[in-house]
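Please open the structure in a viewer and keep the selection panel at hand.

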Amino acid sequence: MARAIWTGVITFGLVSVPVGLYTATEDHTVHFHQLQRGTSDRIRNRRVNERTGKEVGPDDIVKGYEVSEGEYVVVEPEELDEIAPGRSRTLDITDFVDLDRIESVYFGRTYYLAPRGKEYLKVYELLRTALAEAGKVGVATFVMRNRQYLTALRAEDRVLLLQTLHWADEVRDPVEELPELPSERVGRGKELDMALRLVDALSGDWEPARYHDTFQEKVRELVRAKAEGEEIAVAQEAPAATNVVDLMEVLRGSLEQAKEAGGKRSSSSASRKKAAAPSRPSRETRPKPSGRSELRDLSKAELYRRATEQDIAGRSRMSRRQLVDALSGSGSGSGSGHGSGGRRKKKTTAA
């Protein structure tokens, strides 16, 4: 069960509802420890007094604002809490605006908002439904961890989303900041028509499971290969920039390629929709594990779908390699780390 990172009260007019704020996403990035080259010795960051060179404990560290060189005004955490609007516990909706009126550059992180108790479900659902039917988002501010946030509350199916927004003075003007931008719009012509046909050929439904972080998969494969002494595959170079003279030829070739891929994507999409149907095959009729070489060519989303069909326990916590192990029958399939795809003993191999 997720834990709230902030609790407070949403207010709109004289109506209020106690809520908790929960992170809506999680990081799947591969994290490394810092080591001294040629050893297995960990490198750790320490907070050290610049003048004495001695380490300082967290209780002895305060915030200081430099008013002149070497002269600071010290501010205590409780002093910041005392001046926070609503004493850091109010999410005050001041305006309701159309979502499409907020430029994409203003949006930051996304969170879930949930009512804090069954007695607040009705008021919470009232606000969610009102936002959904009006097609509006509530613009609100609140304070968390000594920082005030501008936010947009929007209605999704059964839940309220809170998205942080950048303040106006935090958003840069692209005309002033960027070195080169087109000075005029592209006029109607063969090139634009071809580009529009290419966009149309590559258009489809939004299916998040189709996309996965291939770089992180390659990082995990790199670590596995180095640990097992295997050769490391090198990625291809980025393609060269398109020459304006060859633009029509490149667009035409892209369109032909998209049409060829479109048929494959359509059949693949149909297969995914069929697999996502409510009816699930019985254990007797579920597909048997595929060969390991075939499984290695599949995306993590496809591996997870097959693991769901085979009711493999712990699949939601498995890495791509653990899913391959479980589906091919070489791993435990529990995600507990006892199979070949599980957690290894603590051992550092110098690169």
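Which side chain does a polar contact of 2.7 Å join to that of arginine 224? Select arginine 224 and glutamate 228: the 2.7 Å polar contact joins their side chains. A polar contact here is a pair of N or O atoms within 3.5 Å; within protein, one must be able to donate a hydrogen and the other to accept it, and residues adjacent in sequence count only if both atoms are side-chain atoms.

Before going further, please note that this is a predicted model, in which local features need pLDDT of at least 70 and side-chain atom pairs count only at pLDDT 80 or more, while totals for chains, interfaces and linings use all residues. Residues are numbered from 1 along each chain as its sequence is written, and side-chain values use heavy atoms, with hydrogens and water left out.

**First stop: arginine 224**

Keep arginine 224 selected and display helix α5 (residues 214–227), in which arginine 224 is found. Helices (H or I, at least four residues) and strands (E, at least two) are DSSP runs, numbered from the N terminus. Glu221, Arg224 and Glu228 are linked in a network of salt bridges, a salt bridge being a side-chain nitrogen of Lys or Arg within 4 Å of a carboxyl oxygen of Asp or Glu.

Is arginine 224 buried or exposed? Arginine 224 counts as buried because its relative accessibility is 10%. The classes are buried (under 20% relative accessible area), exposed (over 50%) and partly exposed (in between), with a 1.4 Å probe and protein chains only. Leaving aside neighbours within four places in sequence, arginine 224 is in contact with Glu230 and Arg321, where contact means heavy atoms within 4.5 Å.

**Second stop: the whole protein**

Zoom out to view the nine helices and nine strands of the protein. Buried residues make up 22% of its 351 residues. Among contacts with a separation of 6 or more, 56% are between residues 24 or more positions apart.

Select Ile10, Leu21, Leu91, Leu113, Phe142, Leu153 and Leu162, which touch the most other members of the largest nonpolar core, a group of 21 residues. A nonpolar core is a set of buried Ala, Val, Leu, Ile, Met, Phe, Trp, Tyr and Cys residues joined through side-chain atoms within 4.5 Å. Elements that each supply at least two residues of this core include β1 (6–12), β2 (15–23), β5 (90–98) and α2 (121–134).

Now centre on leucine 113. Beyond its neighbours within four places in sequence, leucine 113 has contacts that include Ile10, Val19, Leu91, Tyr124 and Leu162. A second, separate core has 10 residues, among them Leu298, Leu303, Ile312 and Ala326.

Side chains of opposite charge can pair when their charged atoms come close. Select arginine 46 and glutamate 55, whose side chains meet in a salt bridge (3.5 Å, N to O); arginine 46 counts as exposed, at 56% relative accessibility.

Next select glutamate 125 and arginine 128, which form a salt bridge of 2.9 Å, N to O. These two residues are separated by about one helical turn because they are three residues apart in helix α2. Glutamate 125 is partly exposed at 32%, whereas arginine 128 is buried at 13%.

Then select glutamate 156 and arginine 154: their closest N and O atoms are 3.6 Å apart in a salt bridge.

Most residues other than glycine have a negative phi. Select arginine 158 in the loop between β8 and β9; its phi is near 75 degrees, a positive value. Arginine 158 counts as exposed, at 71% relative accessibility. Move to aspartate 311, in the loop between α8 (300–309) and α9 (320–328). Aspartate 311 has a phi near 55 degrees, also positive, and counts as partly exposed at 31% relative accessibility.
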